[in-house]
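Work through the exercises below with the structure open. Try each task before reading its solution.

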Amino acid sequence: MAILLASLSSLPVSAAAPVADLRSSTGNTTNGELEKQLNELSRLLETRNKMQVKMQSQLDLLSQEMSMLQGNIEVFNHKIEEIENRQRNLYQLIEEQKKAKLQPVANVDSVKPESKNEQVAYQSAVDLVLVNKEYQQAIAAFEAFVVDYPKSEYVANAQYWLGQLLYKQKKRDEARSAFLIVIDDYPKSNKRADSLFKIGLIDEYLGNLTSAKVFYQKAVAEYPNSSAAELSKERLKVL
């Protein structure tokens, strides 16, 4: 027994060392993998942050472009409204001058009944627009006028008024048809340039950009000194 105990006590103490080494080795491996995962996660987070910054920059740029576009549209609409107001005022002045010239002609018998009725009918339709602001009634009046007096010198203007009124009511297809009659049937009308521009505007709104360019270019080429040509040039720049 003593010999056995002596034998056991003589075994080296370092026999337990492999277990301790295994634990140490296992711990080092786990820490290395964890550090690697943390580095990978950090890289992914950094990449995501860079993408977010880039996307935000693109969104800011898009927002600026949208604001500029909205501003251009508002300026353009304002210009159109100003021109239309000037046209209405000028047209009203012309009509008043015509009235003043007609009044001194006292011999009513010398005026043909049809001519007199024609002038009254046309002036009544114009007054519905400029004086009474009864636009729906004015549409009906101008439509009746072009049917009742197809040979009248005022037909081209009546068609243009129809186009303007229908356009104001957002009846763009019907307005386009009225403007097209002015262009095709009355080549000498002083409303032809404006009709070319208005059809270009309608076609652009409807997405028919090729057709819009054609009408804008016609306004510029055929009436280079007109306000319609200037407006057409502005629209051609953005198409």
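**Exercise 1.** Does K170 count as buried, partly exposed or exposed, and at what relative accessibility?

*Solution.* Note first that this is a predicted model. Locate K170: the residue sits in the loop between α5 (155-168) and α6 (172-185). Its relative accessibility is 60%. The cut-off for exposed is over 50%. K170 therefore counts as exposed. Now check the backbone. Phi of K170 is positive, about 65°, although the residue is not a glycine. Most residues other than glycine have a negative phi.

**Exercise 2.** Classify K133 by its relative accessibility.

*Solution.* Find K133 in the loop between α3 (113-130) and α4 (135-148). Relative accessibility is 47%, so K133 counts as partly exposed. Phi of K133 is positive too, near 60°.

**Exercise 3.** Describe how helix α8 packs with helix α9.

*Solution.* Two packed helices are described by the angle between their axes and the distance between the axes. Take α8 (residues 209-222) and α9 (residues 227-238): the angle is about 140° and the axes are 8 Å apart. That angle makes α8 oblique to α9. The crossing is left-handed.

**Exercise 4.** How many helices and strands does the protein have?

*Solution.* Count nine helices and zero strands. Of the 239 residues, 28% are buried.

How values were computed
Residues numbered from 1 in each chain as written. Predicted model: local features only at pLDDT ≥ 70, side-chain atom pairs only at ≥ 80, totals over all residues. Heavy atoms only, no water. Axes fitted to C-alpha atoms, helices over the stretch in contact; angles between N-to-C directions. Helix = DSSP H or I, 4+ residues; strand = E, 2+ residues; numbered from the N terminus. Parallel < 35°, antiparallel > 145°, perpendicular 65-115°, else oblique. Left-handed = near helix turned anticlockwise from the far one by under 90°. Buried < 20%, exposed > 50% of the residue type's maximum accessible area, 1.4 Å probe, protein only.
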